[in-house]
Amino acid sequence: LNLSLRGRVEVRTKGRSATAAVEKVFSLTPPGALVLYENSFGYAELAVNRGSAGGFLQVSRGDKVLLCT
């Protein structure tokens, strides 16, 4: 991902903006927190610890998500 661990990234979707923590694994964040991490396939993934990133960001499959550093 070429981002600093423990950093932050802005996540923009249709009509919503949020800040995600950048961590090695999503379980390092508090419950309900948005996090960006590299999954086991090497892809960037957004998650919410004990929640739903899709619900948190109010997006569905096919919606565009922009990551801003």
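Modeller: The account below goes from the order of the strands to their pairing, then to the core and the salt bridges.

The model is a predicted one. Its five strands form an open sheet in the order E4-E3-E2-E1-E5, and the pairing is mixed. Strand E4 (44–48) and E5 stand at the edges with a single partner strand each, so one side of each has no neighbour in the sheet. On average, neighbouring strands of this sheet are turned by 35° against each other, direction ignored.

Consider the pairing of E1 with E2. These strands are antiparallel and are joined over six bridges. Within this pair, Val9 has Ala20 of E2 as its bridge partner. The hairpin of E1 and E2 has two residues between the strands, and Gly15 there takes a positive phi near 75°.

E2 also pairs with strand E3 (residues 34–38), here in the parallel sense and over two bridges. Ala21 has Val35 of E3 as its bridge partner.

E1 is in turn joined to E5 by three bridges, and these two strands run antiparallel. The bridge partner of Val11 in E5 is Leu67. Leaving aside neighbours within four places in sequence, Leu67 is in contact with Val9, Glu10, Val11, Leu36 and Leu46. Leu67 and Tyr37 are separated by 30 residues in sequence, and their C-alpha atoms lie 12 Å apart.

In soluble globular proteins, nonpolar side chains tend to be buried together. The largest nonpolar core of this model has 11 residues: Val9, Val11, Ala18, Ala20, Val22, Leu34, Leu36, Val48, Ala53, Leu57 and Val59. At least two residues of this core come from each of E1, E2, E3 and H1. The most are given by E2, which supplies three. Leu34, one of the core residues, is in contact with Val11, Ala18, Thr19, Ala20, Ala21, Leu46, Ala47, Val48, Ala53, Phe56 and Leu57, once its neighbours within four places in sequence are left aside.

Charged side chains complete the picture. Side chains of opposite charge can pair when their charged atoms come close. The structure holds two salt bridges. In one of them, Glu10 is joined to Arg12, with 3.0 Å between the closest N and O atoms. Glu10 is partly exposed at 27% relative accessibility, and Arg12 is likewise partly exposed, with a relative accessible area of 40%.

The other salt bridge brings together the side chains of Lys14 and Asp63, at 3.3 Å from N to O. This pair links distant parts of the chain, 49 residues apart: Lys14 is in the loop between strand E1 (8–13) and strand E2 (16–22), whereas Asp63 is in the loop between helix H1 (53–57) and strand E5 (66–68). Lys14 has a relative accessible area of 57%, so this residue is classed as exposed. For Asp63 the relative accessible area is 28%, so Asp63 is classed as partly exposed.

Key
Residues numbered from 1 in each chain as written. Predicted model: local features only at pLDDT ≥ 70, side-chain atom pairs only at ≥ 80, totals over all residues. Heavy atoms only, no water. Salt bridge = Lys/Arg side-chain N within 4 Å of Asp/Glu carboxyl O. Buried < 20%, exposed > 50% of the residue type's maximum accessible area, 1.4 Å probe, protein only. Helix = DSSP H or I, 4+ residues; strand = E, 2+ residues; numbered from the N terminus. Pairing = 2+ DSSP bridges. Core = buried A, V, L, I, M, F, W, Y, C linked by side-chain atoms within 4.5 Å. Contact = heavy atoms within 4.5 Å. Axes fitted to C-alpha atoms, helices over the stretch in contact; angles between N-to-C directions.
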